[in-house]
Amino acid sequence: MTQHLIEKKLSSDIQFTGNIIEVSLDHIQLPNGKTATREVVRHCPAVCVLAVTDDEKVILVRQFRYPCNEVLLEVPAGKMDLDGESALDCAFRELAEETPYTATSMTLRHTFYTAPGFCDELMYLYEAKGVKKNSALTPDEDEFVETVLLSKEETLQAMRSGQIKDAKTLIALQFWLLGI
């Protein structure tokens, strides 16, 4: 049904390999038979966690994001960087590492691509249940974060005022605010 939209990879030339990404220049055949190139960033899968306390406050982290040169307000998140780590295990770990909170269970709410025009990163959105302030974990040594708790009204105000700009966070917060 959608075969008329498919692009076919003819070759791929790796331009850069780093710690978290690989960049390639792919030569493709378009559906009309012509050829083109695509610059592709390959990134391992990642998770983000929508966690809400018993008193209905969403748990966010504030951190500096070097590529944006800004301090952003985000849901806890991170990449599956341990060998064989599942998305579910990563969600539990990231919540406990980035915040003083843990969860008794996680429910997968959605998966989405973060920037499909140039990147293959797949993000798993989990909703944490049984959230308690009892984590013994700490952020990675190169990670500096502050935990921020916001009510629904404070969250809406932060979104309206542009304090929340991160796509994964906007997606996660919509699940909470809209009750979906």
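Read along the sequence, the chain runs β-β-β-β-β-β-β-α-β-β-β-α-α. That pattern holds three helices and 10 strands. Helices (H or I, at least four residues) and strands (E, at least two) are DSSP runs, numbered from the N terminus. The model is predicted: local features need pLDDT of at least 70, side-chain atom pairs count only at pLDDT 80 or more, and totals for chains, interfaces and linings use all residues. Residues are numbered from 1 along each chain as its sequence is written, and side-chain values use heavy atoms, with hydrogens and water left out.

**Domains**

The C-alpha trace spans about 60 × 35 × 30 Å along its principal axes. The domain assignment gives domain 1 (3–43) and domain 2 (46–178); such bounds come from an automatic or database assignment. Taken over C-alpha atoms, the centres of domain 1 and domain 2 are separated by 30 Å. Six residues of domain 1 are in contact with five residues of domain 2, where contact means heavy atoms within 4.5 Å.

**Pockets**

Pockets are found on a 1 Å grid over the protein atoms alone, with a 1.4 Å probe; a pocket is an open set of points with protein on both sides within 12 Å along at least five of seven lines, and lining residues have an atom within 4 Å of a point. Grid points are joined across faces, edges and corners, and a volume is the space filled by probe spheres set on the points.

| Largest pocket | about 1300 Å³ | I20, H43, R65, P67 and K168 |

The largest pocket is lined by 39 residues. They divide into 20 nonpolar, four polar and 15 charged. Here Ala, Val, Leu, Ile, Met, Phe, Trp, Tyr, Cys and Pro count as nonpolar, Asp, Glu, Lys and Arg as charged, and the others, Gly among them, as polar. Several elements each supply at least two lining residues, including β3 (35–43), β5 (58–65), α1 (87–98) and β8 (105–113). The largest share, four residues, comes from α1. Domain 1 and domain 2 both give residues to this lining, so the largest pocket lies between them.

The elements giving two or more residues are β1 (8–17), β2 (21–29) and β3. β3 gives the most, with four residues. Domain 1 and domain 2 each provide at least three residues of this lining.

**Helix packing**

Helix α2 (residues 152–160) packs with helix α3 (residues 167–178) at an angle of about 140 degrees, their axes 11 Å apart. Axes are lines fitted to C-alpha atoms, for helices over the stretch in contact, and angles run from 0 to 180 degrees between N-to-C directions. The crossing of α2 past α3 is left-handed, that is, the near helix is turned anticlockwise from the far one by less than a right angle. K152, T155, L156 and M159 of α2 meet L170, L173, W176 and L177 of α3. This contact has six nonpolar, one polar and one charged residues.
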